[in-house]
Amino acid sequence: MKSDLGVELGGLGRLESPVLLSSGTFGTATPYLKMLQDQPVGAVCTKTITPLPKNGNPQPRILEGPSSLINSIGLENPGIDAFVRGFEREYASLPFVHIVSISANSPGEFVYLVERLNELRTPRAIELNLSCPNVDSEGLAFGNSPEKIGSVVHECARISRFPLVAKLSPFQSIDPSFALAAQEGGAAALALINTIPAMVLDIHQFRSALGTLSGGLSGPAIRPVALKMVYEISHAVHIPVIGMGGISSGEDAIEFLMAGASAVSLGTMNLVKPTLPSAICACIHDFLVEHEMENVGEISRRFDGLQSPREP
Amino acid sequence: MIEERARVLSNHPAGKNAHLLRLHAPSISGQTKPGQFVQVSCDPGKLLLRRPYSILDNRDGSVSLYVKRVGNGSNWLCERKQEEVLDLMGPLGNGFPLPPPGRHMLVGGGSGLASLGILCRLLAEAGGEVDVLMGFRTPEEIPGAVLDAFSRFCRSLTLVVEKGDFPVKGTAVDQVRQQNLEKYDEIYCCGPMGMLKALAPLLHGRGALVSLEARMGCGTGVCFGCTIPTRNGGKRVCLEGPVFCMDEVIWDEI
C-alpha cells in the first residue's frame, strides 16, 4: 500500500509533508540551508516581521534548562520595508513553501503589514503572531480578549490576498474561545502553541538571568502542555490546527497528529537538528504502513481517547 | 557544512580541568578553515542544545577540540572514551582570512587559544613569521598537548601566568602592552571577554581581528540568540562571526 505523507491544510491547500518549520527557527543563513537541503518540509515560516526594524533584546538571549530553552530574542528583524525588498531574492527561489509571520502593536499596523505583503507573489499564507511573549505590548496587548483577536483577524482577512494562520499563545489556548474568535474572523488555520512566558533569575546577582526580565519557554518540556491544547482546540474548531511545542521525534509528531493536529511544526529542535524532518517523515511513514493507513489524516480518526478498554 | 558522526580517536587531559579530544570526522575536517567551529551534541537526550567548540586542528581527517570544564556539556565531553561516537555539525562560522605572508601576532587566553591553532599553522606554512602570546590564570592550567599545535609552527611562544609560580607573571594584556606593535602586519586575538575588552583600546586602529565566544542557540545563523552590537548593526557571532574586526565591535555594550 502506498502511504501519502501530504496533508490538506484547509485554505492553505495541500502541503507535501506534514512537517513544518516554526517562525524564529527557520532562516536563510547558508550553513543552515545546506543542512536543510532535501529535507521533506511541508512549509517554512519566516522570522516574525514587524513594521519597523527591531534590534532585538540585550544578551543573554538564550538559556537552556532541563529539556527546555528560554529565549528572549525580541523579534530581531529588518522590518517590513527591507523584508519586502529582499523577499524575491531571499525566499522565492527556495524550494520550500513559505509562510510569512508578522506582528505589530495595533490592529491598524497588522493591516498595514498585510497590505505590504499583498505586493508579494509567492507566500502560501501569512501567520499572525498574536502572542510573542518577548516584546512589550506587541501581540499580547490586544491579544487579551477573544473579541480583540477576532477583530484583528477579521480586519486582516478582509484585505489579505493570502490565507491567514492565527498563531496563539498558551494563554490564548487555555480554552477554545480565542481559537473560535480567530476562526470567526476568517483565519484559515491555527498554529499553537507559541512559547510559554517564563523567567529565570540569577540569584547571585539579584537580577534576571536573561538580558530581559522574562522570555519564552520552549522545547520538549512544554510538549504535554501543547498536546493538551492542540487536542482541546482542534476538536472545537473546524479549521486545521498546526500543532507545535517541543516535538523532537517521529513519535512526538504522531502524538500531535493523533490528538487532532493536521500538521506539525518544529521549533526548538530545528535549531538542534535541522535534519529532523526526514527522520520524522520516515517514522510517520512506517507508522502508516504498520497500521494500514493511507494518509496522515487517518491517524486522528483512529484515536478514540479513552473509549476502548485498555489491554491488560 | 554537514552533520557528521565522529569517532573519538583520543581524549587526554590538557591542563587542569580541560581535555584535548581528537575526533575522526573526515568530511568536516576537510572543509575546515582557520577559526571555524563545530556544534557538538553533548549528552543527547539530557542536554538540549549543542555546544560550540573551536577547531584547534584539522589534520589527517580529524578535528581536535580543546574543552574546558565549565558545565554539564563540557564535563560530559571530557569524559568521552576512545571509540565513542559524537554528533557534530560543522564547520561553522566565517573563520580567519589568510593574509599574504608577513609578521603576525596571535594573542590567546584560556580556552580561546583553540580558535588560533589552525591559523598559526597555516600562517607559518605560507611563510609568515608567527609570534604567539598566551595567558593563563595558573601554571596548572597550561595545556601542554594543546601548545604543541602552536610551538611546532610559530617563531616564538610566550606564556604568561597570572597567579602561582611561573617565570613570566602577569596577563596577556600586560604582554601586549610591552610589545612594539608596529612590527606586526596582522594581530589576531581570542580569549575571555575581559581580556578582549582590555585589548580593544590597545589594538585600536591596527586592524586586529578577534574571534568571539558566545552562548549560541543554533550555531547556524537562524535563531539570533548570539547577536552582538557592532558599528555596522547587530551581528550574529555564529554566522557573521566568530571572527570580527576588533574595532567593529562595540565593546562597552557587550
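Student: What makes the eight strands 3-4-7-8-9-10-15-16 of chain A a barrel, and how are they paired?

Tutor: In this predicted model, the strands of chain A form a closed barrel in the order 3-4-7-8-9-10-15-16, with parallel pairing. From one strand to the next the twist averages 25 degrees.

Student: How do you know that strand 8 and strand 9 of chain A are paired?

Tutor: Pairing requires at least two bridges between two strands, and four bridges join strand 8 (residues 125-129) of chain A to strand 9 (residues 164-167) of chain A, so the two count as paired. These two strands run parallel, and A:Ile126 stands opposite A:Leu164 of strand 9 of chain A.

Student: Which helix packs on the sheet and touches strand 15 and strand 16 of chain A?

Tutor: That is helix 7 (residues 250-259) of chain A, whose direction makes about 140 degrees with that of strand 16 of chain A.

Student: Why are helix 6 and helix 7 of chain A called roughly parallel?

Tutor: The axes of helix 6 (residues 223-234) of chain A and helix 7 of chain A cross at roughly 25 degrees and come within 8 Å; angles under 35 degrees count as roughly parallel, and the two helices of chain A are therefore described in that way. Among the residues of helix 6 of chain A that meet helix 7 of chain A are A:Leu227 and A:Tyr231, while the residues on the helix 7 side include A:Asp252 and A:Phe256. By class, this contact has six nonpolar, one polar and three charged residues.

Student: What makes helix 2 and helix 3 of chain A roughly parallel to each other?

Tutor: Helix 2 (residues 79-92) of chain A packs against helix 3 (residues 107-117) of chain A at an angle of about 15 degrees, with the axes 10 Å apart; with the limit set at 35 degrees, these helices of chain A are therefore roughly parallel as well. Helix 2 of chain A passes helix 3 of chain A in a right-handed crossing. The contact has six nonpolar, no polar and two charged residues.

Student: How do you know that strand 12 and strand 13 of chain B form a pair, and what joins them?

Tutor: Four bridges join strand 12 (residues 227-230) of chain B to strand 13 (residues 233-236) of chain B, and at least two are needed, so they are paired, here in antiparallel fashion. A hairpin joins the two strands of chain B through two residues, and the bridge partner of B:Thr230 is B:Gly233.

Student: What is the mean pLDDT of chain B?

Tutor: The mean is 96, and 100% of the residues of chain B reach 70 or more, while the model scores ipTM 0.90 and pTM 0.93.

Note on methods
Residues are numbered from 1 along each chain as its sequence is written. Chains are lettered from A and ligands numbered from 1 in the order in which they are written. This is a predicted model: local features need pLDDT of at least 70, side-chain atom pairs count only at pLDDT 80 or more; totals for chains, interfaces and linings use all residues. Side-chain values use heavy atoms; hydrogens and water are left out. Axes are lines fitted to C-alpha atoms, for helices over the stretch in contact, and angles run from 0 to 180 degrees between N-to-C directions. Angles under 35 degrees count as roughly parallel, over 145 as roughly antiparallel, 65 to 115 as roughly perpendicular and the rest as oblique. A crossing is left-handed if the near helix is turned anticlockwise from the far one by less than a right angle, and right-handed if clockwise. Ala, Val, Leu, Ile, Met, Phe, Trp, Tyr, Cys and Pro count as nonpolar, Asp, Glu, Lys and Arg as charged, and the others, Gly among them, as polar. pLDDT is the predictor's confidence in each residue, from 0 to 100. Contact means heavy atoms within 4.5 Å.
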